[in-house]
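The sequence and structure are shown first, and the commentary follows.

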Amino acid sequence: MIYTTSLFNKMNIPKIKIQYNVFLDNIISEWIQLKGMYPDWTPPTKEEVIERAKKYKEYWNSKGSIYLEKMQEILGFEFDRAEIDIWVVGGIPRPFAHPVVISSRYTEDEFWGIVIHELIHVLIDSKKGYAKKIKALFDNSVQYKATHIPVYAVVQQIAEETGINKDIFKPEKNKGYIEAWEYVEQVGYKTVLDQILPFSKFE
C-alpha cells in the first residue's frame, strides 16, 4: 500500500536554509588539495560560491516544499526539526546528509537530484529505530546498498507523482548505489515501499 496525501492531515514542512559555509569550504578545499584528489581542480572563489548558493535558493523556493511534503507523505512521518541547513561549498568529493553539504558546481537538474536524495536520508535517519529496521531488510554485502534501496524507492514515487525526471536520481558511480537502483528497478518501488512502511512506528 502506498501512502498518498488523502491518508494524512497536512504535515509540517521544515524550512530549508541554503547558504555558503566558509568554515567547511576552507576545510574541504584544503583536504582535497592535500590529498591530491583533483590535481587540475581550481577552487571557485568565495564570491562565486555565494552566488551559486543564491541560485540554489531560487531553485528551492520555486518548488522545494512540494518534494518535502511528498517524501513525508510517502514514508508516513515528519522530519524531526523545524529547520534544515544545506551548506554549499566550492567542491566536495561527494555530497552527504549529516549535515547536508553540497557542491557549488551543480546544474539545476543535478541540484534537485542531489538535494532530494540527501533530504530523504535526513528524514529516514531522524528515526533511528526505523532506519535500523529497514537497513536490516536488504542485502548489505555491498557498502551503501541497503541504505539506498529505500531512498531510490521514495525518489521513484516522487518522480511519478510530480513529473520530475526520474533519471536525475540514477547513480553513475559507486557500486552500492548502482546495485540499489537496479534492485528497485527490478522489484518495483511500490514493492520496496510496502516492505518498509510497516516499520514507520519504530522511533
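## The cis peptide bond

Pro99 is located in the loop that links strand E3 (96–97) to strand E4 (100–103). The model discussed here is predicted. In this model, the peptide bond that runs from His98 to Pro99 is cis, its omega being near 0°.

## The sheet

Strands E3 and E4, on either side of that loop, both belong to an open sheet of four strands, ordered E1-E2-E4-E3, with mixed pairing. Its edge strands are E1 and E3, each of which pairs on one side only. Strands of a sheet pair through backbone hydrogen bonds, in either a parallel or an antiparallel sense.

Strand E1 (residues 15–20) is paired with E2 in the parallel sense, over six bridges. Among the residues involved, Lys15 has Glu83 of E2 as its bridge partner, and Ile18 has Ile86 of E2. As for solvent cover, E2 is mostly covered, with five of its seven residues buried.

Phe77 is part of the loop between helix H2 (46–75) and strand E2 (83–89). Is Phe77 buried or exposed? Phe77 counts as buried because its relative accessible area is 7%, and the limit for a buried residue is under 20%.

Phe77 can also be placed relative to Val101: the two are 24 residues apart in sequence, and their C-alpha atoms are 23 Å apart in space.

## A histidine pair

His121 is a residue of helix H3 (residues 108–125). With a relative accessibility of 11%, His121 counts as buried. Which residue does the side chain of His121 join through a polar contact of 3.1 Å? The partner is the side chain of His148.

Leaving aside residues up to four places away in sequence, His121 touches Ala97, His98, Thr147, His148 and Val151.

## Positive phi angles in two loops

Tyr144 is not a glycine, yet its phi is positive, at about 80°. Tyr144 is situated in the loop between helix H4 (128–137) and helix H5 (145–162). The relative accessibility of Tyr144 is 27%, so Tyr144 counts as partly exposed.

Asn174, likewise a residue other than glycine, has a positive phi near 75°. The position of Asn174 is in the loop between H5 and helix H6 (175–187). Asn174 is partly exposed, its relative accessible area being 31%.

## A nonpolar surface patch

Which residues make the nonpolar surface patch of about 290 Å²? The patch is made by Val22, Phe23 and Ile27. Phe23 belongs to helix H1 (residues 22–35).

Phe23 has a relative accessible area of 57% and is therefore classed as exposed, the limit for that class being over 50%. Phe77, by comparison, is buried at 7%.

Note on methods:
Residues numbered from 1 in each chain as written. Predicted model: local features only at pLDDT ≥ 70, side-chain atom pairs only at ≥ 80, totals over all residues. Heavy atoms only, no water. Patch = residues over 30% accessible without salt bridge, like charges linked within 9 Å, V, L, I, M, F, W, Y side chains within 5 Å. Areas by Shrake-Rupley, 256 points an atom, 1.4 Å probe, with all protein chains shown as cover. Salt bridge = Lys/Arg side-chain N within 4 Å of Asp/Glu carboxyl O. Buried < 20%, exposed > 50% of the residue type's maximum accessible area, 1.4 Å probe, protein only. Polar contact = N/O pair within 3.5 Å; in protein donor to acceptor, adjacent residues only side chain to side chain. Contact = heavy atoms within 4.5 Å. Pairing = 2+ DSSP bridges.
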